[in-house]
Number of protein chains: 2
Amino acid sequence: MNEMEMHMNIAILGLGTVGSGACEAVKSAIDLEVTRILVRRPKPEYADLQTEDIDDILNDPNIDLVAECIGGIHPALEYVLGAMEHGKHVVTANKALVSAHFEELENCARKNGVQFRFTPSAGGGIPWLYNLQRAGRCDTIEEVHGIVNGTCNYILDLMHTKGLDFAEVLRDAQELGYAESDPGADIEGWDTQRKCVISANLAFRTVIPEDSVPVLGIHHILAEDIAFFNENGLTCRLLMNASLQGDAVSAYVEPTLLTSAALESGVGTNYNMVSLTGKNVGPLSFYGQGAGKMPTGTSLVHDIIDIKDGISFSPSASTGPAPSKVDNTKTSHPYYFRIAAGASFPEEPIASEQVRNSYRYITTKPMTVSDAHALASRYENAFVAGYKE
Amino acid sequence: MNEMEMHMNIAILGLGTVGSGACEAVKSAIDLEVTRILVRRPKPEYADLQTEDIDDILNDPNIDLVAECIGGIHPALEYVLGAMEHGKHVVTANKALVSAHFEELENCARKNGVQFRFTPSAGGGIPWLYNLQRAGRCDTIEEVHGIVNGTCNYILDLMHTKGLDFAEVLRDAQELGYAESDPGADIEGWDTQRKCVISANLAFRTVIPEDSVPVLGIHHILAEDIAFFNENGLTCRLLMNASLQGDAVSAYVEPTLLTSAALESGVGTNYNMVSLTGKNVGPLSFYGQGAGKMPTGTSLVHDIIDIKDGISFSPSASTGPAPSKVDNTKTSHPYYFRIAAGASFPEEPIASEQVRNSYRYITTKPMTVSDAHALASRYENAFVAGYKE
């Protein structure tokens, strides 16, 4: 496959939400054809394209590109590496895979002279990662942040606007298909952590280990917390954050209290909004559907078209020294801690406090992210959020 | 110049805001070099690069690309056409030029086998037009809308938040450099009209004549209007709008009354936000600086890098029948008319009315855009705005 070739044959691995969306979106594109589909259980509507054997795809010299839509690490990793070793380009929406194996996947693509793209892995239908690397071509990306988990946003938005309990809204979200039956990865913030890692890697041309990004989730939030925020004109959203700090990167995930001046406070239901600040361009924000069959499938097909058209994509450190480590000791802002009325809290960081409904509602002085997350880990059922500066 | 060539020589026409921003942003890009600058008055800092004679650039076979930063129609049009006829790619931020001569410029580029790009001509630093055409590659763009004039947004935002008069804020904006000394093109909506034409042309792969897009400006807005909007929880923003209506396009520019649920109501000071709705991807919005030296200059350099890297861009009708005309008789919503207390107004469209401060504040039933704009043209100092459905 070279840049001038006009037709591209595609194999799709997995026919779940993203895979079936990509199958459908390909139909609106020119010169792309799905010629093989890997399925676990045969489906009558794709009888002539499907196989249960990955080798049928790896060993087919007519397949130019593999779209991985299985999800999870195994066997997705082996299939993706295998495809690249067989000279096939790869696109994926798999954030778990890209976040955990970024360097290995990048190296494999480079070694085999193929393209590896993953725009829908953070932001779903939003062309966030594509534009993030595009922006970095003649600018210095200073920070990225945003709402990248639609499940959490849906829950927080409905708690704010309808005054409902967490459990109630979660059930509602599950019925609507906005939340998984096992919602842990979303509500505990791990999904947002992965998208933070991928975004920071592209923004700062580095490789951050997942477990170096501290996470506070939304699973302990109560209607009482939301009532307190509403009274104070604040909106709570789960944000990823990453910024350049000298030769290190500050990166963390936490519920964040926003005033009405912040664009993110206007992001409703299950939508996402992701932002960068460039030294030249200033702030840029991107808003849209962060998940869903057609948005994510379409975003995957855009990556395929970019590869077919020979559009360059430079995710790795090529234009300067990459920051080498995560350091959250230089980023600070005030925090909100809602803990049990009887629980102890260090005196020094407290800026103000209310006690009511058997809870202490504490607003701290500015604390470093590392100190605040360490302190938060001492409380089992507390809800902790950062104030946006 | 072919896609594989690594180095690109650039001539910049004009060293105003955009031209000097582009000169600076080029320094952060790889393999780009400014080798000639067209100036009206020589400037000591570019002594060795500058010329006052366009032929020095057109006839220089070592120049691969011309970045037009003069603005206005003449002589920009002649220079740009000349450059393409001499086999040079062209990029421009010149909305007046692109809006008025879209077809001629596209045809000239195609005929001469060169690239013509104009991303900063609508949205400034926001990669709006690039992403609009990218989205259209495997999706049907159903509508576009947005805030594309920072001057108007700054004026409306400060009138809302500070309760100031139009004239006061305009003076303030002029002092800050957010408004021109002759602000007519901005406040009367003509700048927004041009960006609407360019966006609609790309979205719907058509060519819309400027004068077929009706415009209502913000120049007659009073502090009394803003007070009325604030009382009703509404925010006023100047929006461009264009949508597919069968085989026609509806396109218009008008001040628009938004509830707090609309993202655009959170767009403050001189920022821009532009949105598309794709059949597959759903709504996508892009937010950032719509003007200014470094944002716009950087956006122009991204267009240059895209050309250098051989990134495709298909603005013209290639994938389906293009809608052929503007028709605003099928788009309708309620309107706000603030007219003199003694002025007459047809009875039939009135939904509700207040009279105070010697003005009639009328909210209409849903009216077609064509009817409402025709009615608005009957009043000399009225302020008219559409309600966002």
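How many aromatic pairs does the count come to over all chains?

Analyst: This is a predicted model, in which local features need pLDDT of at least 70 and side-chain atom pairs count only at pLDDT 80 or more, while totals for chains, interfaces and linings use all residues. Residues are numbered from 1 along each chain as its sequence is written, chains are lettered from A and ligands numbered from 1 in the order in which they are written, and side-chain values use heavy atoms, with hydrogens and water left out.

Rings of Phe, Tyr and Trp (its six-membered ring) pair if their centres lie within 6.5 Å; planes under 30 degrees apart count as stacked, over 60 as edge-to-face and the rest as tilted. By this rule, the count over all chains is 34 aromatic pairs. One of them is the stacked pair of Y130(A) and Y130(B), with 6.1 Å from centre to centre and 15 degrees between the planes. This pair crosses between chains, joining helix 5 (residues 128-135) of chain A to helix 5 (residues 128-135) of chain B; helices are DSSP runs of H or I with at least four residues, strands are runs of E with at least two, and both are numbered from the N terminus. Y130(A) and Y130(B) are both buried (under 20% relative accessible area; exposed is over 50%, partly exposed in between, with a 1.4 Å probe and protein chains only).

The charged end of R134(B) sits over the ring of Y130(A), 4.1 Å from its centre; this term requires NZ of Lys or CZ of Arg within 6 Å of the ring centre and within 35 degrees of the ring normal. Elsewhere, R338(A) has its charged end over the ring of Y359(A), 4.8 Å from the centre. Y359(A) belongs to an aromatic cluster with F228(A), F229(A), Y336(A), Y361(A) and F383(A).
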